[in-house]
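Visitor: I'd like a walk through this model, please. Start with the terms and then take my questions as they come.

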Amino acid sequence: MALAQKNTKRFENILELYGDLIYDICVNILWSSSLGQVAFKTTMKEIKHELKANPYFDYKRAFVLKIAYEKLGFAYQKNIKKLTPAEQIMLDTYLSLNDKINQFDSYFHRLPFADMFLLLIRDKHGLPYPEITAAMNTPEDSLKTQRQMAYRTLEEWIWETQ
Amino acid sequence: MDLGNTMSINCFEWNNQLSNLLDGTLKGENKIKNDEHLKKCATCQKHYDHALVIFSTLSQQKREILPAQLRKEPLTHLLHSIPQEFFSHKGKTYWQKTPWYIRAGTKGILFFVVAFFLITLTPKLKSLYEREKNQNRGVLDPFSLKLEEESQENTQKNDNEASQQQSLPLTRGNLTTAVQKEPDEAFLGELDENDSETNNIQKENIAQEIWRFHIKTDSPHEMRLKILKLFTELKISSQTHGTGGIEAPGGIQFDLQVTQELAEKIKNHLTMFFPKNTDTASDTNIQNTFTWYKNKVKRAQANGIARVVIWLSQV
């Protein structure tokens, strides 16, 4: 009974600390608040399951992010949003630079899932590399290269298709 | 593009440091080298400016806040809290409003009724289908049409002969009783009385019957000539399939399809060839010389057509 109460408390604590972060990542990557809610619920369910399975494990942000990364990956594959050819042509040719920067989300969501996740938690939320390494199960140097490549891709889409 | 020297870095090295440069983690000598490269290389400076724009856009993006409802119940997303009436236009139907046990009972009864009808109707439907199929075959089979035409001609030309043959003995039983009876009745008397299905078929005049004659003889070839003569007398066309007879190990077999009337005529003639001998001493031998019987055919056959099989076995 005490263990169950402890688990509930820990779960509430995780929700309080990282709930906003996970929800923001879910909604931003899936580009939909309803899908984001579903993904958030799935992630929270998995976290609760992990808490029950390993009650004495010290859960930190990296582990929560790791679960979110896995669950979001599945959700993204199921609900992947692809631009129509017309939308892609419009984004690539007809828009001015300012409009393109205003339409940054459209370019951002053309990136692969891992790149989006990395840019969001690194550049938007400013999480340190060690935690990202643990969450994405990728070495730090690879993450830096990946980030640089993602920047280069976005730059090509926005500036070099003028 | 700066190809680089020993003191400064080239574009490739600068690109590798871009992530650290954006994070502001470059310090000391590395930072000085990067700054020097940016001053010299316009391309890298442009890339850096673009990267800064992207970085600022990303970092300034609006952060989504977890809704209060979801924070309160994180394992149930908001859509669950919306009442079901919101999604349906008309609300629950009458059927949905009825209690589950009534719905379950009704569904069960309906299921059994449907199953019962299916079980009972399937054989009837099957028999109807087969009957229709047989009728279609009878109409479309050119061989049977030809035989029917021949039989009509025979009946018109041989009215007198037919009337005489009706008075001939029909069975191998008592001659007098056989003469008194009608031909069909005499024949049916020989059939198995329990075989009501066969009788029904006979009454409905659906020609699904086979006549088998077994003649034991010393010389099947001589008997074959007699049989062929009989066919000629009965005006069975030599073109009819099976009239020639087929030599098989142990004898000769005729297998032909003729009209029912002709089949009866063949039977009458053969009975005349082999009359029953009343002599008790040789009774057994004579009875074994010629035997015949009629049976129903399982295979579908055209209306009014009977199959006649005459087997001349070598003694």
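Guide: Helices (H or I, at least four residues) and strands (E, at least two) are DSSP runs, numbered from the N terminus. Residues are numbered from 1 along each chain as its sequence is written, and chains are lettered from A and ligands numbered from 1 in the order in which they are written. This is a predicted model, in which local features need pLDDT of at least 70 and side-chain atom pairs count only at pLDDT 80 or more, while totals for chains, interfaces and linings use all residues.

Visitor: OK. What is the secondary structure of chain A?

Guide: Chain A has nine helices and zero strands. From the N terminus on, its elements read α-α-α-α-α-α-α-α-α.

Visitor: And how many of its residues count as buried?

Guide: Of the 162 residues of chain A, 31% are buried. A residue is buried if 20 or more other C-beta atoms, placed from the backbone, lie within 10 Å of its own; it is exposed if there are 12 or fewer, and partly exposed in between.

Visitor: How do α2(A) and α3(A) cross?

Guide: In chain A, the axes of α2 (residues 33-53) and α3 (residues 61-78) come within 9 Å and cross at roughly 135 degrees. That angle is why α2(A) counts as oblique to α3(A). The crossing is right-handed.

Visitor: Terms, please.

Guide: Axes are lines fitted to C-alpha atoms, for helices over the stretch in contact, and angles run from 0 to 180 degrees between N-to-C directions. Under 35 degrees is roughly parallel, over 145 roughly antiparallel, 65 to 115 roughly perpendicular, and the rest oblique. A crossing is right-handed if the near helix is turned clockwise from the far one by less than a right angle, and left-handed if anticlockwise.

Visitor: Back to α2(A) and α3(A): which residues make the contact?

Guide: From α2(A) they include Leu35(A), Ala39(A) and Ile47(A), and from α3(A) they include Val64(A), Ile67(A) and Leu72(A). By class, the contact has eight nonpolar, two polar and three charged residues. Two residues are in contact if their C-beta atoms, placed from the backbone, lie within 7 Å. Ala, Val, Leu, Ile, Met, Phe, Trp, Tyr, Cys and Pro count as nonpolar, Asp, Glu, Lys and Arg as charged, and the others, Gly among them, as polar.

Visitor: Now the two chains. How many residues does the contact take from chain A and from chain B?

Guide: The contact takes 26 residues from chain A and 25 residues from chain B. On the chain A side, α1 (2-30), α2, α7 and α9 (140-159) each supply at least two residues. The chain A residues that touch chain B divide into twelve nonpolar, five polar and nine charged.

Visitor: What does α7(A) meet in α4(B)?

Guide: Leu119(A), Asp123(A) and Lys124(A) of α7(A) meet Phe55(B), Leu58(B) and Ser59(B) of α4(B). The axes of α7(A) (residues 113-124) and α4(B) (residues 42-59) come within 9 Å and cross at roughly 80 degrees, which means that the two helices are roughly perpendicular. This contact has three nonpolar, one polar and two charged residues.

Visitor: Moving on. How many helices and strands are there in chain B?

Guide: Chain B has 15 helices and five strands. Of its 315 residues, 19% count as buried.

Visitor: What order do the strands take in the open sheet?

Guide: The order in chain B is β2-β3-β5-β1-β4, with mixed pairing. β2 and β4 (290-296) of chain B are at the edges with a single partner strand each, so one side of each has no neighbour in the sheet. The twist averages 20 degrees from one strand to the next. Two strands pair if DSSP finds at least two bridges between them.

Visitor: What do β2(B) and β3(B) form?

Guide: They form a hairpin with two residues between them, where Gly250(B) in the turn has a positive phi of about 95 degrees. Three bridges join β2(B) (residues 246-248) to β3(B) in an antiparallel pair, with Glu247(B) opposite Ile252(B).

Visitor: Last one: which strands does α14 lie across in chain B?

Guide: Helix α14 (residues 260-273) of chain B lies across β1, β3, β4 and β5 of chain B, and runs at about 140 degrees to β3(B).
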